[in-house]
Amino acid sequence: MFKFDLVDVSLRAESRLTERSQTTIPAAIRDALQLKPGEIIEYSLLSGGKVIISKQNDEQDDPAVLHFLTFLERDMVNNPQHIHSVPVEFWSGLDNLVAGIDVDLDAPLTDD
């Protein structure tokens, strides 16, 4: 399970649970997530009883990516000692490697 640092909270809101166990998502949260009627929202329960609500992407998840992310998550939980920050020298080397190369990330891929 991923661990989330809830220190970076930029917006808080609350709502009341009805007798039918329903609630209205507060307008400030709906606006921040750009939620529209009929869209799917996802809830993630964290240890300690915290819940993350997020707008579900319209894109279909790639099963290979999903399996890989599940593997990474399991490895991070089981082996936290393997998690290290990336050395500054690594980023400097990347900057040197791509210096002067312009890439349009919105351009369609070519066969080249």
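Reader: How many salt bridges does the count come to?

Author: The model is a predicted one. A salt bridge requires a side-chain nitrogen of Lys or Arg within 4 Å of a carboxyl oxygen of Asp or Glu. By this rule, the count comes to one.

Reader: Which residue forms a salt bridge with Glu39, and where does that residue lie?

Author: The closest N and O atoms of the pair are 3.5 Å apart, and the partner of Glu39 is Lys55. The pair links distant parts of the chain, 16 residues apart. Glu39 is in the loop between α1 (27-33) and β1 (41-45), whereas Lys55 lies in strand β2 (residues 51-55).

Reader: Is Lys55 buried, partly exposed or exposed?

Author: Buried means under 20% relative accessible area, and exposed means over 50%. Glu39 has a relative accessible area of 29%, so Glu39 is partly exposed. Lys55 has a relative accessibility of 30%, and therefore counts as partly exposed.

Reader: What pattern does the protein chain follow along the sequence?

Author: The secondary structure of the protein chain comprises three helices and two strands. Read along the sequence, these elements give the pattern α-β-β-α-α.

Reader: What percentage of the residues in the protein chain is buried?

Author: The protein chain has 112 residues and exposes about 10800 Å², of which carbon and sulfur atoms supply 55%. Under the cut-off of 20% relative accessible area, the buried share of the residues is 4%.

Reader: Why is the pair of Phe90 and Trp91 edge-to-face?

Author: A search of the whole structure finds two aromatic pairs. The rings of Phe90 and Trp91 have their centres 5.4 Å apart, which is within the 6.5 Å required of a pair. Their planes stand at 80 degrees, and an angle over 60 counts as edge-to-face, so the pair is edge-to-face.

Reader: Is Trp91 buried, partly exposed or exposed?

Author: Phe90 has a relative accessible area of 45% and is partly exposed. Trp91 is at 46% relative accessibility, which falls between the cut-offs of 20% and 50%. Trp91 therefore counts as partly exposed.

Reader: What is the area of the nonpolar surface patch that includes Phe90 and Trp91?

Author: The patch is made by Val86, Phe90, Trp91, Leu94, Leu97, Val98, Ile101, Val103 and Leu105. Of these, Val103 is placed in the segment after α3 (88-98), and its relative accessibility of 60% makes it exposed. The area of the patch is about 940 Å².

Reader: Which residue has a side chain in polar contact with the side chain of Ser15?

Author: Ser15 is found in the segment before α1 and, at 43% relative accessibility, counts as partly exposed. Leaving aside residues up to four places away in sequence, Ser15 touches Thr23, Thr24 and Pro26. The side chain of Ser15 reaches the backbone oxygen of Thr24 at 3.3 Å. The side-chain to side-chain polar contact, at 2.5 Å, is with Thr23.

Reader: How far apart are the C-alpha atoms of Ser15 and Pro26?

Author: The two residues are eleven residues apart along the chain. Their C-alpha atoms are separated by 6.6 Å.

Reader: What is the phi of Gln34?

Author: Ser21, in the segment before α1, has a positive phi of about 60 degrees although it is not a glycine. Gln34 is placed in the loop between α1 and β1, and with a relative accessible area of 54% it is exposed. Its phi, also a positive value in a residue other than glycine, is near 55 degrees.

How values were computed: Residues numbered from 1 in each chain as written. Predicted model: local features only at pLDDT ≥ 70, side-chain atom pairs only at ≥ 80, totals over all residues. Heavy atoms only, no water. Phe/Tyr/Trp six-rings, centres within 6.5 Å; stacked < 30°, edge-to-face > 60°. Buried < 20%, exposed > 50% of the residue type's maximum accessible area, 1.4 Å probe, protein only. Helix = DSSP H or I, 4+ residues; strand = E, 2+ residues; numbered from the N terminus. Contact = heavy atoms within 4.5 Å. Polar contact = N/O pair within 3.5 Å; in protein donor to acceptor, adjacent residues only side chain to side chain. Patch = residues over 30% accessible without salt bridge, like charges linked within 9 Å, V, L, I, M, F, W, Y side chains within 5 Å. Areas by Shrake-Rupley, 256 points an atom, 1.4 Å probe, with all protein chains shown as cover.
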